[in-house]
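Here is a short tour of one structure, starting with its strands and ending at its ligand. Take a look first.

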Amino acid sequence: MSFAITLRSVTLKYGAEDALADVDLELEAGKIYGLLGRNGAGKTSLLSLVAAFRRPTTGEVLIGGEPVWENAPVVSRVALIREGGDFDDTETVKAIIESGTIRPSFDADYAFKLAERFELPLKKRVSALSRGKRSVLAAVCGLAARAELTMFDEVHLGMDAPTRDAFYKELLAEYMERPHTIVLSTHLIDEVANYLEEVVIVDRGRILRHADIEAFQGMGATLTGPADAVDALGLAALAEQRLGGTKSITVAEPLDAATRERAAAGGVEIGPVGLQDLFIHLTDPNRNGA
Ligand SMILES: Nc1ncnc2c1ncn2[C@@H]1O[C@H](COP(=O)(O)OP(=O)(O)OP(=O)(O)O)[C@@H](O)[C@H]1O
């Protein structure tokens, strides 16, 4: 079966509050998705519904066209890895990895190989792990789950930059070998942008944007060159940086041909917009029409 994700008119309430309100979303199987949103936007709530950790208040959550709630054959092939990993803290790393085999697709050999690569101390109890190593253990269990749909919810929090880099590369290698559906919920946007095919932005319980990464990058640009020439273009900058006589600005609008020509004539180079700058702009609560 396909592990496409469908949400139809989904609302999730916690008491009187809507964590998600009337959400419609279609994610095709076999792609790598980035799920972005500000704190409290509803990312964890959305992933919890897809993994059937929670039931929607109203609406439907489907995987491969089948309702996911109380659907063990589907849920057994879905992995949601949350920050901290939801482990029993009294267990050792080795015991946690071995307990992964409850899941039929879990590859313990691969998990132990990853544990060695990421220098996880097998004999230590989870309670004695540093925050970063605990995140690594969660990531290792997520990779080795060999699920058809794998969702990482801020799992990289606590990992240092080289470890995050190694994790992303391992995730990509695993995806290339065994294409499946991957959702990465993250605040480290620019860091993962190169790995994503599509991006979903959740904002205040709604889907604000869903598009492929090129479409996002085409929504703006970065212009770098002599400060006078950049200023002369008269563009509204979301962000700017200055180093000596050189200025770099980020804009959240596609550039027309005339602007591109003027930029080139003034020695201004045009590059893709940073996803993080665009995200900050799109989710700015003061922005009209956001
Ligand atoms: N168990 C809960 N009980 C009550 N309200 C909750 C619960 N879990 C989440 N919420 C509320 O639902 C909304 C969405 O929260 P959610 O955790 O899904 O956001 P998030 O995008 O994952 O945030 P973050 O980036 O801060 O982790 C927030 O307003 C949050 O306070």
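Strand β1 (residues 5-14) and strand β4 (residues 58-63) run antiparallel, joined by five bridges. Within this pair, T6 sits opposite L62 in β4. Keep in mind that this is a predicted model, where local features need pLDDT of at least 70, side-chain atom pairs count only at pLDDT 80 or more, and totals for chains, interfaces and linings use all residues. Residues are numbered from 1 along each chain as its sequence is written.

Zooming out, the open sheet has four strands in the order β2-β1-β4-β5, with antiparallel pairing. The edges are β2 and β5, each pairing on one side only. (Pairing takes at least two DSSP bridges between two strands; helices are DSSP runs of H or I with at least four residues, strands are E runs of at least two, and both are numbered from the N terminus.)

| Element | Residues |
|---|---|
| β1 | 5-14 |
| β2 | 17-27 |
| β4 | 58-63 |
| β5 | 66-67 |

Then there's helix α1, which lies across β1, β2 and β4 and runs at about 120 degrees to β1. Contact here puts C-beta atoms, placed from the backbone, within 7 Å; axes are lines fitted to C-alpha atoms, for helices over the stretch in contact, with angles from 0 to 180 degrees between N-to-C directions.

And which residues surround the ligand? They are Y14, A19, G37, N39, G40, A41, G42, K43, T44 and S45, where near means a C-beta atom, placed from the backbone, within 6 Å. Helix α1 (residues 43-50) gives the largest share of that shell, three residues.

Technical notes:
Contact = placed C-beta atoms within 7 Å.
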